[in-house]
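Here is a guided walk through one protein model. Take a look at the whole first, then follow the text from the overall form to single residues.

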Amino acid sequence: MRETRSAPAIWHMQHSRPEKLVSYFDPWQPVARQLDLLSNRFRAVRALCDVQAGRTEAENTSLLELCDALAFHLIRACMWWQVDFSPRAVTGVSATSFMTHARRHTQRVVEDESLLDVLTWQHYMHPTDARHIMVTGTDPLCRGATTIVYGIDGRRGFRFAMRRAGGAPSWNDITYPDFVSACLNARALHCLIQTECTAIGEWDLARDEHEQAAGYHTQHFRTVGQAGPVERYATALERLSRFHSRFGRFEMENIVNHLAFAVAQAAHARGASIADLLRNGTDRPVNPRIAGSLKKRAQTHVATGTDPLRRTELDTLLTEVETGFALSHRG
C-alpha cells in the first residue's frame, strides 16, 4: 500500500471514506487528527479529480462522490467541535466551490441533507426553538439500562437526553456549543444515574477543563502560522499543569503537542533553532532547556495528530529543525 500524496484513486476509495476517518460520538479520538485527516484527504482526492486520475468513468464518478462526501464531513466536523473554518484557507478551494461539493453530497444522502440544514440554514427546523430537536445518534460507549441520546436544536446547539429501555428520550434543558461539552455533561448525569456518583467528580472536572480547552479547538486551523507561537505554547503548557481529570489531560496534551509543532514550524520557517525562538519569542521567561521536550511534543503531534500521508513530509521538517540548546551559551 502506497501512502503518498499521489496515492492512486483506488487507494483513496478504500481508505479515505469519512466513516473510516472520523468518529463523531467518541470524544477520546483526537480532534486534531480527525480534522487533519478530513482536510488533507479532501485536498488529495480533489487533486486527483482535477487530473481525471481514474481509469474508467465509473471510477472517476466514485472519486468525485468521495470528494463531495469529504467536503460535507469537513463542514460537519468543524461545526461538531466548534472550529473556525475557511474553505479557501484550509483547502485552497473557494467557499462557493467547496459548498458545491458538500451540496452534491447532501443531494445524494437525505440524512446528511437534514443535518447540514439544521447546522446552517434551518429550512426544516423551527429557528431559535430549543424544543425542536433533531436526533443525531446515541452514545456508543455508555453502559447500563439508560441510553444517552444526542441531538441538535433550533439554536444550532447540542443537546442530550436520557432514555430508559422502552421509554421516550427525556431531554436536558441546556444547549451546548459543541458536541464534547454535551457529551461530558451527559456522561456525568449518566454516571449519577447508573453508579450513584462513584465517578461523578471526575466527569465534573473533565467538563470544566474542556471549557478551558475548547477555545484552542476553535483556533485549530489557525494554530500553525499564527503570531506568537511561543507565548501560546507556554500558556497552554502552564494550563495543562493545572488539569487533573483523565479526559482533560488527554485533550490538553494533544493541544499542547499541536502548539509545540507550531513553534517548531515557525523556527523552521525563520531558519532559527527552537531555543532561539524560546529565548526571543515571548515577554515571559521561557527556559531554552525545554527545547528538546518541545521538539518531542512536536514529533508526538505528527505521529498522533496528523494524517499518516503527511508523516514523511512533516518528519523531515522536524528533522531539519535544530533544538539549539547546546549552542545557547555561545556568543
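The paragraphs below go from the whole chain to selected residues.

This is a predicted model, in which local features need pLDDT of at least 70, side-chain atom pairs count only at pLDDT 80 or more, and totals for chains, interfaces and linings use all residues. Residues are numbered from 1 along each chain as its sequence is written, and side-chain values use heavy atoms, with hydrogens and water left out.

Start with the overall form. The protein has 14 helices and four strands. Both are DSSP runs, numbered from the N terminus: helices are H or I with at least four residues, strands are E with at least two. The C-alpha atoms fill a box of roughly 75 × 60 × 35 Å, taken along the principal axes. How does the radius of gyration fit a compact globule of 331 residues? Such a globule would have a value near 20 Å, and the protein has 22 Å, which agrees. The radius is taken over C-alpha atoms, and the globule rule is 2.2 Å times the number of residues to the power 0.38.

Next, the surface and the interior. The accessible surface comes to about 15700 Å², and 50% of it belongs to carbon and sulfur atoms. These areas come from the Shrake-Rupley method with a 1.4 Å probe; for residues, only the protein chains shown count as cover. Of the 331 residues, 51% count as buried. Buried means under 20% relative accessible area, exposed means over 50%, and partly exposed lies in between (1.4 Å probe, protein chains only).

Contacts tell how the chain folds back. A contact means heavy atoms within 4.5 Å. Take the contacts between residues at least 6 apart in sequence: 62% of them join residues at least 24 apart.

Charges come next. The protein has 39 positive and 36 negative charges, and their mean positions are 3 Å apart. Lys and Arg count as positive and Asp and Glu as negative, while His and the chain ends are not counted. Each charge is placed at NZ of Lys, CZ of Arg, CG of Asp or CD of Glu.

How many disulfides does a search of the whole structure find? It finds zero. A disulfide is a pair of cysteine sulfur atoms within 2.5 Å. Cysteine 49 has its closest cysteine sulfur in cysteine 67, but the distance is 4.7 Å, so a bond is ruled out. Cysteine 49 is buried, at 13% relative accessible area. Cysteine 183 is buried too, at 0%.

Now turn to single places along the chain. Glutamate 65 sits in helix α4, residues 57–80. Its relative accessibility is 34%, so glutamate 65 counts as partly exposed. Glutamate 65 and histidine 101 are 36 residues apart in sequence, yet their C-alpha atoms are 8.4 Å apart.

Proline 87 belongs to helix α5, residues 87–91. Proline 87 is buried, at 13% relative accessibility. Beyond residues up to four places away in sequence, proline 87 touches Gly92, Val93, Ser94, Ala95 and Phe98. Serine 97 is 10 residues from proline 87 in sequence, and their C-alpha atoms are 8.9 Å apart.

Two residues draw attention through their backbone. Most residues other than glycine have a negative phi. Glutamine 122 has a positive phi, near 60 degrees. Glutamine 122 lies in the loop between α7 (110–119) and β1 (133–138). With 4% relative accessible area, glutamine 122 is buried. Arginine 156 also has a positive phi near 60 degrees. Its place is the loop between β2 (146–153) and β3 (158–164). Arginine 156 is partly exposed, at 41% relative accessibility.

Glycine 154 is found in the loop between β2 and β3. Is glycine 154 buried or exposed? At 2% relative accessibility, glycine 154 counts as buried. Leaving aside neighbours within four places, its contacts include Gln122, Met125, His126 and His132. The C-alpha atoms of glycine 154 and aspartate 208 are separated by 25 Å.

Finally, leucine 184 is in helix α8, residues 179–195. Leucine 184 is buried, at 1% relative accessibility. Leucine 184 and aspartate 208 are 24 residues apart in sequence and 9.4 Å apart in space, C-alpha to C-alpha.
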